[in-house]
Amino acid sequence: MKSRRIGIISPSSPSNDKSRKFDEKKQFKKGLETLEKLGLECVLGAHAKNALHYVSAPIKESLQDLHNFYRDPDIKLIIAANGGCNANQLLSGLDLDLIMKNSGDKPLVGCSDISVLLNAI
């Protein structure tokens, strides 16, 4: 049976930003539940639920989550949980050799600020 594991990252704004008008923790949980109802196994990046002021995690940790999912052969899709701002801070640390070597059947999807990563990759 093919793997149905997907990686969830938060490379931009935190998924629990209290300044937003809607409850991001609730939306994050609802998103995971919806994906699981579709038969997908959601694997959270080690720093996906972190919050450090206006970013989800320090640059090094956000890159670690992204790179770890590209290294993992069982992860078939990587989803950025939310957009926001700050993903551009990851550009200089992207291991494009690693990503290109492992991205053939493993898309990265997301919207808003994540577009800067999508364009780079």
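A salt bridge, as I use the term, is a side-chain nitrogen of Lys or Arg within 4 Å of a carboxyl oxygen of Asp or Glu. I will come back to that term after the fold.

First, the ground rules. This is a predicted model, in which local features need pLDDT of at least 70 and side-chain atom pairs count only at pLDDT 80 or more, while totals for chains, interfaces and linings use all residues. Residues are numbered from 1 along each chain as its sequence is written, and side-chain values use heavy atoms, with hydrogens and water left out.

Let me start with the sheet. Helices (H or I, at least four residues) and strands (E, at least two) are DSSP runs, numbered from the N terminus. Two strands pair if DSSP finds at least two bridges between them. Here 4 strands make an open sheet, ordered β2-β1-β3-β4, with parallel pairing. The edges are held by β2, residues 41-44, and β4, residues 108-109; each has a single partner strand, so one side of each has no neighbour in the sheet. Strand β3, residues 75-80, runs parallel to β4 and is joined to β4 by 2 bridges. In one of the pairings, Ile79 has Val109 of β4 as its bridge partner. As background, strands of a sheet pair through backbone hydrogen bonds, either parallel or antiparallel.

Next, the helix on the sheet. Helix α2, residues 59-71, lies across β1 (5-9), β2, β3 and β4, at about 165° to β1. Axes are lines fitted to C-alpha atoms, for helices over the stretch in contact, and angles run from 0 to 180 degrees between N-to-C directions. Contact means heavy atoms within 4.5 Å.

Beyond four places in sequence, His67 touches Gly93, Leu94, Asp95, Leu98 and Ile99.

Now Lys106, in the loop between α3 (96-102) and β4. Lys106 is buried too, with a relative accessible area of 5%. Its contacts beyond four places in sequence include Phe69, Tyr70, Asp72 and Pro73. Lys106 and Tyr70 are 36 residues apart in sequence, yet their C-alpha atoms are 7.6 Å apart. What lies 2.7 Å from a polar atom of the Lys106 side chain? That is the backbone oxygen of Phe69. The backbone oxygen of Ile75 lies 3.2 Å from a polar atom of that side chain.

Last, the salt bridges. How many does a search of the whole structure find? The count is 2. In one, Arg5 pairs with Glu41, with the closest N and O atoms 3.4 Å apart. That pair links distant parts of the chain, Arg5 in strand β1 and Glu41 in strand β2, 36 residues apart. Arg5 also meets Asp72, at 3.8 Å from N to O. Here Asp72 sits in the loop between α2 and β3, 67 residues from Arg5. Shared partners join Arg5, Glu41 and Asp72 into one network. Arg5 is partly exposed at 22% relative accessibility, as are Glu41 at 42% and Asp72 at 23%.

Note on methods
Buried means under 20% relative accessible area, exposed over 50%, partly exposed in between (1.4 Å probe, protein chains only). A polar contact is a pair of N or O atoms within 3.5 Å; within protein, one must be able to donate a hydrogen and the other to accept it, and residues adjacent in sequence count only if both atoms are side-chain atoms.
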